[in-house]
Amino acid sequence: MSLRTNHELTVVELEFYNKILKALVASEIPFLVGGAYALGYYTGISRHTLDLDIFIKPENWPLVKRLIEDMDYYVELMFSHWLGKAFFGDNYIDIIFSSGNAVATVDDAWFDRAKRDVILGVEVAIVPPEEIIWQKCYIMERERFDGADVAHLIKSCGRDLDWPHLLKRFENDWRVLLSHLVLFGYIFPGDRDLVPNEVMQGLFHRWASEPPASTEQLESCFGTMLSRDQYLFDINQKGYRDPRKKPAGNMSVEQIRHWTAAIS
């Protein structure tokens, strides 16, 4: 199916997005379309959207930046750990290569499960549902919680999801996935069978047999993996370790500082 949203694109937006998509296809730089378009593709849910989300591997950022700049559009690396933007007047495209907590980095596996569809007249690859779920499970801000998107993706794609891959994605953060799966069973009780029994049983067994927290875990607050704002008190005032910080995490001190300063 071709994607539609309930935001009517202006001629300027349509031309901007179309030109970028065509240029990326012609360049043969691997990319995926995500955001509201991908959510609509998998769930049928349409929402107002004023931008386009393009996903690329981190190492391809310089190539994409140069490609779009050569088209006379302004491009800026907003946050070095995950996000760039291409601008044309009031319109912009998000160029994403990881996530705000620097966990869900785009790699080859994103492309292995990608679907294909026509967006704005251009055939493109769509971010697979497993990777969308991986990113969205961590978004639990005061002003934004993506749990409903996760639930709708499981409802729409649960029978076809690569559950072993999804479990591997969360690794030591398996509690984050389990929390969403428990909520899914509450939200859609008639669809609980969409989550395989072996997945739930495996996660609950892991919970029941979990050893005591390590010293590093006792001294850390993992809330910053879910919200860049709501657990700063615990990090800054209570002295807990920030698990986003290298070497335990994937962010430098400067990247955390920049990401935090942008809250306001």
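**Notebook: core, one lysine and backbone details**

I looked up L21 and found that it touches F31, V33, L52, I54, I119, L120, V122 and V124, leaving aside residues up to four places away in sequence; contact means heavy atoms within 4.5 Å. The model is predicted, with local features requiring pLDDT of at least 70 and side-chain atom pairs pLDDT 80 or more, while totals for chains, interfaces and linings use all residues. Residues are numbered from 1 along each chain as its sequence is written, and side-chain values use heavy atoms, without hydrogens and water.

Of its 73 residues, L21, V33, I54, I93 and L181 touch the most other members. Helix α8 (residues 174–187) supplies the largest share of this core, six residues. Helices (H or I, at least four residues) and strands (E, at least two) are DSSP runs, numbered from the N terminus.

I then turned to K136, in helix α5 (residues 129–136). K136 is buried at a relative accessible area of 11%; buried means under 20%, exposed over 50% and partly exposed in between, with a 1.4 Å probe and protein chains only. Its side chain makes a polar contact with the side chain of D146 (3.1 Å).

I also checked the backbone. Phi of E28 is near 65 degrees, a positive value in a residue other than glycine, and E28 is exposed at 69% relative accessible area. Phi of A102 is also near 65 degrees, but A102 is buried at 3%. I noted a cis peptide bond between K246 and P247, with omega about 5 degrees.

Conventions:
Core = buried A, V, L, I, M, F, W, Y, C linked by side-chain atoms within 4.5 Å. Polar contact = N/O pair within 3.5 Å; in protein donor to acceptor, adjacent residues only side chain to side chain.
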